[in-house]
Amino acid sequence: MATHTSHQPDDETGEARALSAERLTAFIDAAVAIALTLLALDLPVPAGDTTGAVLRSVSAHGKEYLAFALSFVVIAAHWRAHHEIFRHVRALNSRLTSLTLAWLFMQVLMPFATRVITADGAFPPRFSLYAIVQVLASASFALIIREIRRAHLYRTDVPPRVFAENLVRSICLAAVFGASVPLSFLTTSSGAYLCWLAAPIALAVARRVQGRAPSGS
């Protein structure tokens with residue numbers, strides 16, 4: 001009897017930590033869903049009395065629709081990476097919670113950054129704001145992974161490659177978006193956007209390098 005009761009507080013603490021991680025994940029899911037909804041609410045409604053007029057209206061607002069699609073894909077990618085990592089998290093600490101909230105702040109800021117980048121005039125600062133939000137989102141996620149590994153907040157059955165792949169992915173994205181900021185002041189808007197196309201290339205190279213790395217690293 002005595003032995004059983006002595007282990008009960010530890011079991012309850014473990015269950016409480018696991019429940020805290022689940023609650024944080026549920027909160028993140030709800031906040032990201034709201035951010036995606038806000039993206040759609042800002043879309044302009046096509047106007048016109050004829051089919052041709054509606055199509056011209058759609059064409060006139062093409063950059064808003066493209067920015068919506070881009071931001072939806074970006075937020076969804078951030079959310080997917082977060083889910084991939086947090087399903088292995090068994091406990092939280094204060095630093096991990098703070099880093100996660102900082103990462104979430106960037107996701108919630110994304111609809112505003114999308115409105116800014118589609119506005120008229122002064123392209124470099126508007127573009128830079130959007131890119132900096134992406135840099136901070138990717139950098140904070142890299143710090144999240146680092147903290148999970150440093151504090152051993154993950155389950156023991158998780159292969160280390162899961163964290164390594166997501167860490168490299170976050171660093172690559174932060175580097176690409178960061179490089180596009182000064183480029184937006186030195187080139188045209190098309191050139192700045194083209195810089196973002198380097199992200200899939202950088203990720204593919206990173207995967208290839210990781211694939212050649214020893215499995216025990």
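**View 1. I34, L38 and L41 make a nonpolar surface patch of about 300 Å².** This is a predicted model, in which local features need pLDDT of at least 70 and side-chain atom pairs count only at pLDDT 80 or more, while totals for chains, interfaces and linings use all residues. Residues are numbered from 1 along each chain as its sequence is written, and side-chain values use heavy atoms, with hydrogens and water left out. A patch here takes residues with over 30% relative accessible area and no salt bridge, joining like charges within 9 Å and nonpolar side chains (Val, Leu, Ile, Met, Phe, Trp, Tyr) within 5 Å. A salt bridge would be a side-chain nitrogen of Lys or Arg within 4 Å of a carboxyl oxygen of Asp or Glu. Accessible areas come from the Shrake-Rupley method with a 1.4 Å probe, and for residues only the protein chains shown count as cover. L38 sits in helix α1, residues 2–41; helices (H or I, at least four residues) and strands (E, at least two) are DSSP runs, numbered from the N terminus. With a relative accessible area of 34%, L38 is partly exposed, given that buried means under 20%, exposed over 50% and partly exposed in between (1.4 Å probe, protein chains only).

**View 2. L203 is a buried residue of helix α8.** The helix covers residues 198–212, and L203 has a relative accessible area of 15%. Leaving aside residues up to four places away in sequence, L203 touches R169, C172 and L173; a contact means heavy atoms within 4.5 Å. Look for S170 too: its C-alpha atom is 9.3 Å from that of L203, although 33 residues separate the two along the chain.

**View 3. A122 has a positive phi without being a glycine.** The angle is near 50°. You'll find A122 in the loop between α4 (94–117) and α5 (123–150). A122 is exposed, at 54% relative accessible area.

**View 4. H152 is a non-glycine residue with a positive phi.** Here phi is about 50°, and the residue belongs to the loop between α5 and α6 (160–186). H152 counts as partly exposed, with a relative accessible area of 47%.

**View 5. Zoomed back out, the protein has eight helices and zero strands.** Of its 217 residues, 35% are buried. Take the contacts between residues at least 6 apart in sequence: 75% of them join residues at least 24 apart. The accessible surface comes to about 12,300 Å², and carbon and sulfur atoms account for 66% of that.
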